[in-house]
Amino acid sequence: MATAIEFNHVSKQYRLGLVSTRTLSNDLKRWWVTSIMGKEDPFLKIGSTNDRSKKADSEYVWALKDIDFKVERGDVVGIIGKNGAGKSTLLKLLSKVTGPTTGSIKARGRIGSLLEVGTGFHPEMTGRENIYLNGAILGMTKTEISRKLDEIIDFSGCERYIDTPVKRYSSGMTVRLGFAVAAFLEPEILVVDEVLAVGDAEFQKKAIGKMKDVSSGEGRTVLFVSHNMASIRQLCRSGILLENGLVTYTGTATDTVAHYLSGFGDTMCYHADITMEHREFANTTREIELLTVSMTNDGDDYATNQPLDFYVRMYKHKNNIESATLEIMFNNSSCDRLGSYISGPIDLKDVQGEFTVHVRIVDHHLAKGTYSVCFQIGQKDIHSGLKDYDIVHNVLFFSVAYSDQIKKDTIVLWRKNWGSTVFQGDCEVISDRRNRNLV
Amino acid sequence: MPKDKLLAVDLKELWRYRDLFTLFVKRNITTQYKQTILGPAWFVVQPILTVFMYMVVFGGIAGIGTDGIPQPLFYLAGTCFWHYFSDCLDKTSNTFVSNAGLFGKVYFPRLVTPLSNVTSNLLRFGIQMGLFIVVYLIYAIQGDCPASPNWYLLLFPFLVMMIAGLALGFGLLITSMTTKYRDLSILFSFLVSLWMYATPIVYPLSMVKGKVAAGMDLYTIMRLNPVTPVLETFKYGALGAGEFIGWGWLLYSLAFLCALLFLGVLVFNKTQKSFMDTV
């Protein structure tokens, strides 16, 4: 089969720190060294692999390094990797929005993406005019759009308003219209980034449905980025695993997922300082901000009967918040949510600025295995309404093993609530001074 | 991917996006005057007020001559051309910054955007030229008008294309540089406003003849400004103002334009690959 996408030793370098301005002096230096003295570019040598948890020793970083792979026409490829592994950069390079620092990319056929719905819509223009404009931006010709115009309008469900300026549309109508155009683009290569489409379940479902149609039909190529291993396994034929900007595994989708999950929690993590990397939803209010999360551990696996102690250090930015609810969510090694512990309203009347919450989960009912922990602080009180202050994902990793005593006496495992997803525990605000000695 | 050849314009690709070009032109034109009271009338109000100011300041207070041409006609000819030039330059030199949102999401040949801007600005230029013709006719009907057109006016379409090309070339260079170093945009907008005074708009070129400043022949320096020969040819062709600048200088402008466009497109193409990381 013909090759649809070809990445030839592609690397992409970013500069940390000052993003917006490259300095004139560095550019002059580069120009002097490469053009006048004919030596290798000094700024391409420095730069480490993209491990974001460690502080970089260089101000240049490789978002992608030496990416080399081919995708056959008609293949459905899942791209897996943790947040910050370089998935989005890879898609950006493929869609030619930005160019690679070194290497070359060949893509045959039109590339369509289901993320950029309604790009280039002009509020002053009518729905019909915007269909043409948006379609042309995505690479359609006028005749092509005219041929599909009725279908697009029909699909969007905006017939009545099609000659009304888009600024009078509701946001939902705008999205529907944009999606209708994208859906009729019929690209040779379709890019679906589920990670970025998070938040709108209906849209996500539509995008996945469209993807299924495209891939099962006329031999089109699909690139699918998702954190959901089940949908990767279900929808994709092959997979690419990205870690810190490097391709660490390629194979069938099932093998790639298995490889990814086997690496899950290889390194346990009992303490984490929260950074933006942990936040999947950057738009939370963060009126209460999570600072650090940690759990006590003596360097060993937890026993099934051992309580889990969590210390969550937070900062209260708004003084008028009287109480908040802390949720601790547990995922298994397939990244599936097992359940969560939800505290009662924590009294924060007397708290100012930094404070720490200690949660002890006494009877966790977790079977042997590795787990990741997510944290969420918010308002879950019916009277004050639902509100998320801050959410962080997969920050702590720990594993549970059967302790020796229980191994001898497995009958102890049989007890009420086994496997139940209700986590019960106690929760208290402790003073920060005491906490410093503890953590 | 754009090829890494020296002149990396994929003309075939650009041709494939010709529909986008026409749609952009249409968008620019239709959205320009939506939700304004006067609408396209603004295109006429602006040059009238400008010419009025020039008549007061340069013609009245400073007493600068106009080669015997009625002041409104002389100033109008200059401002219409200069406005078209500076509008195109301004739009083109902001291509990357003002389209960052769009460029960051979808790929299409970036050159489509400045090309469509230069084209849609022609509408405004056309309306202002219409104003020029109306004023001209008023003077002609009144009789005793010292201005008269000659055969050089046939160069008009060609002159407009040259102005558009020069604005595009400079604009492409500027937008490529300012994505990296923002402070340059302050410098450039300042320079462009000064540039107008280095172009014979508020004074006739003949006035500069024989003048020496800082040991340099001003007449030669003025003509080295690539906009001058184009503007002078128009003013001579339409009004018979002064004398024809000569084919040599016009050819110089054309050569300058070609070199500038080549360089501009080259730098622009190089920038478009990485600008999303610097914006």
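Predicted model: local features only at pLDDT ≥ 70, side-chain atom pairs only at ≥ 80, totals over all residues.
Residues are numbered from 1 along each chain as its sequence is written, while chains are lettered from A and ligands numbered from 1 in the order in which they are written.

B:Ile29 belongs to helix α2 (residues 18-32) of chain B, where helices (H or I, at least four residues) and strands (E, at least two) are DSSP runs numbered from the N terminus. Leaving aside residues up to four places away in sequence, B:Ile29 touches B:Ser120 and B:Leu123, contact being taken as C-beta atoms, placed from the backbone, within 7 Å. The C-alpha atom of B:Ile29 is separated by 9.8 Å from that of B:Pro40, which lies 11 residues apart from B:Ile29 along the chain.

Between the chains, 27 residues of chain A are in contact with 22 residues of chain B. On the chain A side, the elements that give two or more residues are β5 (102-107) and α4 (127-137), and α4(A) gives the most, with 4 residues. By class, this side of chain A has 10 nonpolar, 11 polar and 6 charged residues (nonpolar: Ala, Val, Leu, Ile, Met, Phe, Trp, Tyr, Cys and Pro; charged: Asp, Glu, Lys and Arg; polar: the others, Gly among them).

Within chain B, the axes of helix α8 (residues 156-180) and helix α12 (residues 247-272) come within 8 Å and cross at roughly 35°, the axes being lines fitted to C-alpha atoms over the stretch in contact, with angles from 0 to 180 degrees between N-to-C directions. The contact of α8(B) with α12(B) has 14 nonpolar, 7 polar and no charged residues; among those that meet are B:Leu166, B:Gly169 and B:Phe170 in α8(B) and B:Leu257, B:Leu261 and B:Gly264 in α12(B).

In chain A, strand β12 (residues 288-295) pairs in the antiparallel sense with strand β11 (residues 271-273) over 3 bridges, pairing requiring at least two DSSP bridges. Strand β12(A) also runs antiparallel to strand β14 (residues 308-316), to which 7 bridges join it. A:Val293 in β12(A) stands opposite A:Ala272, and A:Val293 also stands opposite A:Val312 in β14(A).

Helix α5 (residues 142-156) of chain A bends by about 55° at A:Lys148, the bend being the angle between axes fitted to the seven residues ending there and the seven starting there. A:Lys148 is one of the buried residues of α5(A), together with A:Ile145, A:Ile152 and A:Ser156, and these buried residues pack against α4 and α6 (171-183) of chain A. Just after α5(A), A:Gly157 takes a positive phi of about 70°.

| Residue | Phi | Loop in chain A |
|---|---|---|
| A:Lys96 | about 65° | between α3 (87-94) and β5 |

A:Lys96 counts as partly exposed because it has 17 C-beta neighbours inside 10 Å, whereas A:Asn244 counts as buried because it has 21.

Notes:
Contact = placed C-beta atoms within 7 Å. Buried ≥ 20, exposed ≤ 12 C-beta atoms within 10 Å, placed from the backbone.
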